[in-house]
Amino acid sequence: APPPGPALVVLVTVDQMRGDYLTRWAGQWSGGYRRLLDHGAVFTHGMQDHAVTSTAPGHSTLLSGREPAHTGIVLNELGVPDSSVSILGAPGATGASPRRFVGTTLADWLAGSDSGFRFLSVSDKDRAAILPIGRSRGPVYWFVGDRFTTSTWYADTLPAWVTDWNARRGADRLVGAGWTLLLPDTAYAEPDDRPFEAGGRDVTFPHALPRDTVAALRMLSARPWMDSLTLDFALDGVRSLGLGRRSRPDLLVLGLSATDYIGHRWGPGSREMHDQQLRLDRYLGAFLDSLNVLVQGRPLLVVLTADHGVTPYPEAARAEGHDAGRLGLDAFVRGVNRTLPPGAALSAGPGLIYGDTSRLRAVGVSPESLATTLMLRIRRVHGVVDA
């Protein structure tokens, strides 16, 4: 007889996690990474097959099985921002919803075959919580200011368990806290004083959060503790919603974003990234232990993935003798826009130049011809491999 199916499917997405992190520091894992590597299936060549690998496009593919060109989410800027909705308890914050998302996801398919299906999606980032679920309305939460909340796309009020978790003010307790190394200094091969990290400021351990609450909360996302808060909040949600207590599968989606913020600030080859992964390994181990208790030993299917990876800092690559540098297309696009009719301006995103095709056609510009012309010109720019 086949084994029983999972009572809970858990998707863990570590934002900006490179695949080689799992092997680079494998000898130091003792928590969640260790358990998944030793007892799971590892797909060493599981890679994105789309051009723009950033947070919103990546998350839109995870449970939809489709490329960003077909989910409607091709850039962070064209992802979840939605001025027609508001954030509960955060007046003035940018609204967010899956309004741009096209199609269905695993959440829709499970709900269509099981009237008792339940899900929970949680992340520090709005787009990481929203896009794996698609357009389904339900418990989807992200971090705004000093609390987890949602938008009016999903609810008009927060449930009691969310309000209670926020009332514990876990984030506020971290004001002034110092991030120190988890292991002795000798456990880290990376230098701790690369001058090009973090804009040349705060490049060595320890890294202390400011004692000013507003400033500290603004920097909290780039500290390992943000992942710990996210996992703690998710456990409260699993307990309160009763996920994983049935014979048929429920769904838990976790977007862990601290790796992305730390990677942007200090780089993938940094001591900070090494320590972040060590801490996340321990956080995930404790989380899985607690989750097993909450589902009372029922089977779990845990999937660990990333929405995208990241290249090394160009400055670090150049120091190792590689031809590396920073390339921006803003000036290029400004030059193109000076040749276009008014109202037909293009924009530059990371790895993508885009514009309103209907507006271009309305002023007599063929988007196809323009794209072909720009492609040929961009291919001649030093540092561009292909267009």
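## Largest cavity

Ala, Val, Leu, Ile, Met, Phe, Trp, Tyr, Cys and Pro count as nonpolar, Asp, Glu, Lys and Arg as charged, and the others, Gly among them, as polar. By that scheme, the lining of the largest cavity in this predicted model consists of six nonpolar residues, with no polar and no charged ones. The six are Val12, Leu36, Leu284, Leu288, Val302 and Leu304.

The volume of the largest cavity is about 30 Å³, and the count of cavities of 30 Å³ or more comes to one. Two elements, helix H11 (271-294) and strand E8 (300-305), each give two or more residues to the lining of the largest cavity.

## Second largest pocket

The second largest pocket holds about 410 Å³ of space. Its lining has 20 residues, and those nearest the centre of the pocket are Asp124, Lys125, Asp126, Phe143 and Tyr261. By class, the lining of the second largest pocket has ten nonpolar, five polar and five charged residues.

Which elements supply at least two residues each to the lining of the second largest pocket? They are helix H6 (126-130), strand E3 (140-144) and helix H8 (213-219). E3 gives the most to this lining, with three residues.

## Asp126

Asp126, one of the residues nearest the centre of the second largest pocket, is placed in helix H6. Leaving aside neighbours within four places in sequence, Asp126 is in contact with Val80, Ala96 and Trp142.

Asp126 can also be set against Val144. These two residues are 18 apart in sequence, and their C-alpha atoms are 8.7 Å apart in space.

## Packing of H7 and H9

Two packed helices are described by the angle between their axes and the distance between the axes. For helix H7 (residues 160-167) and helix H9 (residues 225-241), the angle is about 145° and the axes are 10 Å apart. The crossing of H7 and H9 is right-handed.

On the H7 side, the residues in the contact are Trp161, Val162 and Trp165. They meet Leu229, Asp232, Phe233, Asp236, Gly237, Ser240 and Leu241 in H9. The contact of H7 with H9 divides into six nonpolar, two polar and two charged residues.

## Aromatic pairs

How many aromatic pairs does the structure hold? The number is 14. One of them is formed by Trp179 and Trp266, whose ring centres are 5.7 Å apart; the planes stand at 80°, so this pair is edge-to-face. The cut-off behind that label is a plane angle over 60 degrees.

Trp179 belongs to strand E5 (residues 178-179) and Trp266 to helix H10 (residues 258-266), so the pair ties together parts that are 87 residues apart in sequence.

## Backbone exceptions

Most residues other than glycine have a negative phi, and most peptide bonds are trans. Gln16 is not a glycine, yet has a positive phi of about 75°. Gln16 lies in the loop between strand E1 (8-14) and helix H1 (21-24).

The peptide bond that joins Phe205 and Pro206 is cis, with omega about -5°. Pro206 lies in the loop between E5 and strand E6 (207-208).

Terms used: Residues numbered from 1 in each chain as written. Predicted model: local features only at pLDDT ≥ 70, side-chain atom pairs only at ≥ 80, totals over all residues. Heavy atoms only, no water. 1 Å grid on protein atoms, 1.4 Å probe; cavity = no way out; pocket = protein on both sides within 12 Å on 5 of 7 lines; lining within 4 Å. Points joined across faces, edges and corners; volume = space filled by probe spheres on them. Helix = DSSP H or I, 4+ residues; strand = E, 2+ residues; numbered from the N terminus. Axes fitted to C-alpha atoms, helices over the stretch in contact; angles between N-to-C directions. Left-handed = near helix turned anticlockwise from the far one by under 90°. Contact = heavy atoms within 4.5 Å. Phe/Tyr/Trp six-rings, centres within 6.5 Å; stacked < 30°, edge-to-face > 60°.
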